[in-house]
Amino acid sequence: MGKAMKEMLVRIEQMRIHSQNSTSEPQQSNYKCSRCKDTGTINTFRWIEDDSYTYKDRPIPRQVAQVELCSCHYDQQFTKYNASSGFSNKELGHTFKNAIIDDENRSYFEIAVDFIKNIDNHLDWGTWLYLFGDESRAKSLTDQHGREYSAFGTGKTYLMQCIANALTHRKIPAIYVNEEKLFGDIKATYDRASDESEQDVLKRYYNIPVLLIDDLFTTSYKDWAEGKLFSILDARVNEKKVTIITSNYAVGRIRDRLPVNGGKIASRITGQAQLIEMVGTDRRRTIARKRRDERHEAG
């Protein structure tokens, strides 16, 4: 690079620094975050060279701006979106530390714990988890092994709540909903008195870093509901957002449940999610039987 060109680049850089230093701004103490000045993003500059900008057939270094999320970005979101904010005291006690682990559920919890340990990577990759127990699969295993298998009461919601509480502990913004609440939020915008538009609600579900949906594919579907669900899940794939789902449908049976968009939804789950099949002992039934026995012995 010629001497004149180098001197020109030095002058440009000096002018940029002088301009930044001379800009009148409120004192940093007026901001909650001095790094981004409460914007949630940081503008950085880096030098690059490529063939798009040359001088005498040689690349000329130039600066380009790059917008990065500030470390306070998730803190700001977390004040609004806390996955366990609506939990009862009992549900708040569902944690990995307090969980009862046995040979049947150990592998499920190991996957979930590892997921949380590596949550920063999953936030970058947009990884999904699909926790499911399918009734037809449970029946097949029962016939095959000669003991009862269940798709219900195997701890899917419990494990989801452990994940939600772990996200809250790490202050990661997330939304925890069941399917009824999800569609209820959308339908509420059709009321003329609503403070939110449908697009406002959809954007919230599109963009939240982690979305947890409990008992998916259980409500009575109409065409509009299928379309909205597909829109949310498709956007989250495209935006690389973490999505965690519990369901009583194996991926291969989603098409039977949703004739319009089921195939497309199943394809996205298969492409993004680690599948965790949870069939086995009906723990609710086991607990209820134990309580009856204890009452009988006490009587």
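Author: One term before we start: buried means under 20% relative accessible area, exposed means over 50%, and partly exposed is in between, using a 1.4 Å probe and protein chains only. This is a predicted model, where local features need pLDDT of at least 70, side-chain atom pairs count only at pLDDT 80 or more, and totals for chains, interfaces and linings use all residues. Residues are numbered from 1 along each chain as its sequence is written, and side-chain values use heavy atoms, with hydrogens and water left out.

Reader: Is serine 247 buried or exposed?
Author: Serine 247 belongs to strand β8; strands (E, at least two residues) and helices (H or I, at least four) are DSSP runs, numbered from the N terminus. The relative accessible area of serine 247 is 0%, so this residue counts as buried.

Reader: Which residues is serine 247 in contact with, leaving aside its neighbours within four places in sequence?
Author: Contact here means heavy atoms within 4.5 Å. With neighbours within four places in sequence left out, the partners of serine 247 are Tyr130, Leu131, Phe132, Gly133, Lys156, Leu216 and Phe217.

Reader: How many residues of strand β8 are buried?
Author: In a regular strand the side chains alternate between the two faces of the sheet. In β8, Val242, Ile244 and Thr246 point one way, Thr243, Ile245 and Ser247 point the other way, and all are buried. The rest of the structure largely encloses β8 (residues 242–247), because its buried residues number six of the six.

Reader: Which strands pair with β8?
Author: Two strands pair if DSSP finds at least two bridges between them. Leucine 131 stands opposite threonine 246 in β8, and isoleucine 213 has isoleucine 245 of β8 as its bridge partner. The pairing is parallel over five bridges with β5 (residues 128–132), and again parallel over five bridges with β7 (residues 210–216).

Reader: Through which helix does the chain cross from β7 to β8?
Author: This β-α-β crossover is right-handed: with the strands pointing away from the viewer, the path from the first strand over the helix to the second runs clockwise. The helix on the way is α10 (residues 223–238).

Reader: Within what arc do the buried residues of α12 fall?
Author: In α12 (residues 262–272), Gly262, Ile265, Ala266 and Ile269 are buried. They line one face of the helix, because seen down the axis they fall within an arc of 100°, taken from the directions from the helix axis to the C-beta atoms.

Reader: What do the buried residues of α8 pack against?
Author: The buried residues in α8 are Glu179, Leu182, Phe183, Asp185 and Ile186. An arc of only 150° around the axis puts them on the same side of α8. They pack against β6, α9, β7 and α10.

Reader: What is phi of phenylalanine 217 near?
Author: Most residues other than glycine have a negative phi, and most peptide bonds are trans. Phenylalanine 217 is found in the loop between β7 and α10, and is buried with a relative accessible area of 1%. Its phi is positive, near 75°.

Reader: Over which residues does pLDDT stay under 50?
Author: pLDDT is the predictor's confidence in each residue, from 0 to 100. The protein averages 86, and 84% of the residues score at least 70. Where pLDDT is low, the predicted coordinates should not be read in detail. The stretch under 50 is residues 23–28.
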